[in-house]
Amino acid sequence: MGCSELQLFVGVDEYDAPANEALLTFPSDEIYRRLAGMVKTHFFAVIKDSIAQNVVVKYWLTGVLPAFRDGISPLAATTVLSRQPRFHGLCGFTDAEVQTIAQTYMSSSPKLQSYDIDAVMHGLRQWHNGHRFCEKSDVPIDSLYNPQYVFLHLEGLSDSKSIEPGEEIEAPHINKVLDAIDESTFPEIFLLAASSKLEANIHYHIPPAAVRNTSSMPSLAHSLLYFFGVLTFAESAESDSSAESDSDSETFLGVPNKTMQQIVRFRHCISILTGLMDIL
Amino acid sequence: MTHLQLRNPISKRDIANELGNVVEGDKILGAKSLHHLTTLSEYFTEPVGPGHDSIQLVVQVPGGECQPFAGSRSYPILTPSTLSATAGYKRSFSQILESAPQPTKRRKLEKLPGSTTIYKTEPAVDQPSARLPSIGAGFTDLTTYFNLIAADKTPYIEMLDAREKYQYLFLRPSRFGKSVFLQTLASYYDKRLEANFDQIFGGLYIGKHRTEAASKYLVLCFDFSRIEVLYDFDKMERSFHSYVHGVLSRFLTVNSKFLVEFDKDHELFETNAGKSLENVVVRNLLWPSRTPAKLDVI
């Protein structure tokens, strides 16, 4: 069998899950350093060789942070596709998609047939819409919904359960990153992001060690919150005005939706309570 | 067979009660078929037996062969609140992503009015209400279940395949559908599924806009969330090597008809993922008369 017939697609889901776990869970760098060395030598370096030899021709990795990529040299050749506006909607739902889903689901559910679609969409937008992952774009970008929470929200309505996404608010993956961020920055983040006035200075390259040492640079903390979906690019106030302002206009970060507001608000309260406890 | 063992400290009765189900008597009702889009909690509506400190679920791929999880993995003790989500999630990856999907009965898809991406699968007589994908639902689920509403993201495959070769990293927060899209790519490229291509993708955008890369490659997928991160590095290292070994072993088994003879016992190493991977993805595929990498003797 000729080698031309035997080429590979290699997929790596959650490429940085163990690295993030090591960085956000363990106090010393030792576990991360050894883990990164092991995965680099025994996995990513071998895949890189196979790409060079034309065996692996398509290589798709998913993850949350760019930090592990930046710390692993064999991954330097990968392109971060998720920042490109034309691929913005690859993961996530647009408002039009959610409207179709909600209408179809509600019309099919005996319990929801009497509900007003506009009211349901209003709730969905408030809780789950608002994610923008591209900083600037020549083409209009729809803000995105978190798909899983759209489904849970609609099922919650159908089952007459709470639609508040408590599970997400208490989710370990969010809380670990919040734990890693200097709590003194939260009041500022909360106040500024709530009004979408937090100037965006996202670090698209993050040294792994910086993931848990954000106190020296608030923009690093903002970047982590952006990658975890707690902050997002705010909708441009000039989006409907002339195009001349687009290229050089400042971009800001905001809180995408009520779910993430709850998360930030909860953490803000914790930091206030911690401060009070220290005083007492 | 995949055995998912839920250990004490919670009893089966506690789980069932916690999940809001009625527990009556001490009878064990026996085996029950599991459905992809049914959360685990829904299976605890029946009486469970006393005196057992574990529950064992045996999960079999619908219409496919039974395959174990990659390598050995011990699961954390689960609490009722994490039970259904964790179990569904791991089934999805083990059965669909890493081993690549098995051909299963696909449903007719209907694009919904006013949308180019949202579709609904054909209704079933006993399932009149539309359903939504549950946590952990995989790509296969999205086209095999009756009356399911889902999104067709396959137009992006056409855009990706504008390049014959690529190395892409896609970053998004949790639960945005990254894993499902990876599973979609895996099914699309998988040479093993060539005969089933129209059945799988016929109702989706890419089925009508097929690229040259469709059903062209062997597919090797990993899920790194399966790597245990432990303070005991030696244990973590063993877990990693074992995981990769399991994935490669299964890759060789399911793709055996495309590959030259491969001596798993001497070319896959449970303690050296790098050497095993090298033997599979470089030496085996490139050189039918290959020289496998050996473990260094210390």
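## A tour of chains A and B

Start with chain A. Colour its three parts: domain 1 (3-79), domain 2 (91-163) and domain 3 (165-280). These bounds come from an automatic or database domain assignment. The model is predicted, so local features need pLDDT of at least 70 and side-chain atom pairs count only at pLDDT 80 or more, while totals for chains, interfaces and linings use all residues. Residues are numbered from 1 along each chain as its sequence is written, and chains are lettered from A and ligands numbered from 1 in the order in which they are written.

**Stop 1: two helices.** Select helix H1 (residues 17-25) and helix H2 (residues 30-52) of chain A. Helices here are DSSP runs of H or I, at least four residues long; strands are E runs of at least two; both are numbered from the N terminus. The axes of H1(A) and H2(A) come within 8 Å and cross at roughly 160°. Axes are lines fitted to C-alpha atoms over the stretch in contact, and angles run from 0 to 180 degrees between N-to-C directions. The pair is therefore roughly antiparallel, a term for angles over 145 degrees.

Now show the touching residues. H1(A) brings A:Pro18, A:Ala19, A:Ala22 and A:Leu23; H2(A) brings A:Ile31, A:Tyr32, A:Leu35 and A:Ala36. Contact means C-beta atoms, placed from the backbone, within 7 Å. The contact has eight nonpolar residues, no polar and no charged. Nonpolar covers Ala, Val, Leu, Ile, Met, Phe, Trp, Tyr, Cys and Pro; charged covers Asp, Glu, Lys and Arg; the others, Gly among them, are polar.

**Stop 2: between domains.** Stay in chain A. Here 13 residues of domain 2 are in contact with 14 residues of domain 3. On the domain 2 side, helix H5 (117-128) and helix H6 (147-158) each supply at least two residues. H5(A) gives the most, with three.

**Stop 3: a covered helix.** Select helix H10 (residues 218-227) of chain A: eight of its 10 residues are buried. Buried means 20 or more other C-beta atoms within 10 Å of the residue's own. Among the buried residues are A:Leu220, A:His222 and A:Phe227. The cover includes helix H8 (172-180) of chain A and strand S6 (166-171) of chain B. After H10(A) comes A:Gly229, with a positive phi near 85°.

**Stop 4: across the chains.** Show chain B. Its 65 residues at this boundary are in contact with 74 residues of chain A. H10(B) gives the most to the chain B side, with eight residues. That side divides into 45 nonpolar, 10 polar and 10 charged.

Key
Angles under 35 degrees count as roughly parallel, over 145 as roughly antiparallel, 65 to 115 as roughly perpendicular and the rest as oblique. Two residues are in contact if their C-beta atoms, placed from the backbone, lie within 7 Å. A residue is buried if 20 or more other C-beta atoms lie within 10 Å of its own, exposed if 12 or fewer, and partly exposed in between; C-beta atoms are placed from the backbone.
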